[in-house]
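Here is a friendly walk through one protein model, element by element. Please keep the sequence and the 3D view open as you read.

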Amino acid sequence: MNLTSLISNLLAPANFEAYRITSFVLIVCMGVAAIAAIILVMLQPGNSQGIDALGGSSETFYGKNKGKSTEAKLKLWTIICLVVLAVFAIAFFILQIEAIWAVK
């Protein structure tokens, strides 16, 4: 098999279109997951208590029920978005292997 037939097989219309569509869909999904993660991180409050931390800690009702609060839900959704982003990125880079798209 010579070089020109190898290149034409790799860039065959069906394979090239499937590659382009798959790459585009994965890039769009990664972009949506990244923007969602950025927004979720920006919505979360900081962990430090500022000057109140110098006086000692006082337990509040909000502190006891932190697992049910919106802060815990924001952290959970942030983790979910970042895991989805990582899975899409790994899938995208696996699909960059030329052997997957080669015509046999």
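Ser23 is found in helix H2; helices here (H or I, at least four residues) and strands (E, at least two) are DSSP runs, numbered from the N terminus. The model is a predicted one, in which local features need pLDDT of at least 70 and side-chain atom pairs count only at pLDDT 80 or more, while totals for chains, interfaces and linings use all residues. Residues are numbered from 1 along each chain as its sequence is written, and side-chain values use heavy atoms, with hydrogens and water left out.

Is Ser23 buried or exposed? Ser23 counts as buried because its relative accessible area is 11%, where buried means under 20%, exposed over 50% and partly exposed in between (1.4 Å probe, protein chains only). Leaving aside neighbours within four places in sequence, Ser23 is in contact (heavy atoms within 4.5 Å) with Phe92 and Gln96. Met30 also lies in helix H2, and Met30 is buried at a relative accessible area of 16%. With neighbours within four places in sequence set aside, the contacts of Met30 are Leu85, Phe88, Ala89 and Phe92. Met30 and Phe92 are 62 residues apart along the chain, and their C-alpha atoms are separated by 9.3 Å.

## The overall fold

How many helices and strands does the protein have? There are five helices and zero strands, and from the N terminus on the elements run α-α-α-α-α. Of the 104 residues of the protein, 14% count as buried. Among contacts with a separation of 6 or more, 86% come from residues 24 or more positions apart.

The accessible surface of the protein comes to about 8100 Å², and 72% of this belongs to carbon and sulfur atoms. These areas come from the Shrake-Rupley method with a 1.4 Å probe, and for residues only the protein chains shown count as cover.

## A nonpolar patch

Which residues form a nonpolar patch on the surface? They are Ile21, Phe24, Val25, Val28 and Val32, with about 470 Å² of accessible area together. Patches are made of residues with over 30% relative accessible area and no salt bridge; like charges are joined within 9 Å, and nonpolar side chains (Val, Leu, Ile, Met, Phe, Trp, Tyr) within 5 Å. Val25 lies in helix H2, which covers residues 13-43, and Val25 is partly exposed, with a relative accessible area of 43%.

Helix H4 (residues 70-94) has 25 residues and reaches 36 Å from its first C-alpha to its last. That is close to the 36 Å expected at 1.5 Å a residue, the expected span being 1.5 Å times one less than the number of residues. Glu71, Leu74, Thr78, Cys81 and Phe92 are buried in H4.

A search of the whole structure finds one salt bridge, a term that means a side-chain nitrogen of Lys or Arg within 4 Å of a carboxyl oxygen of Asp or Glu. Glu71 forms a salt bridge with Lys75, and the closest N and O atoms are 3.8 Å apart. Both residues lie in helix H4, four residues apart, about one turn of the helix. An α-helix has 3.6 residues a turn, so residues three or four places apart point the same way. Glu71 is buried, with a relative accessible area of 9%, whereas Lys75 is partly exposed at 33% relative accessibility.

Zero disulfides (pairs of cysteine sulfur atoms within 2.5 Å) turn up in a search of the whole structure. Cys29 counts as partly exposed at 28% relative accessibility, and Cys81 counts as buried at 13%.

Glu98 lies in helix H5, residues 98-101, and Glu98 counts as exposed because its relative accessibility is 55%. Glu98 and Tyr19 are 79 residues apart along the chain, with their C-alpha atoms separated by 10.0 Å.
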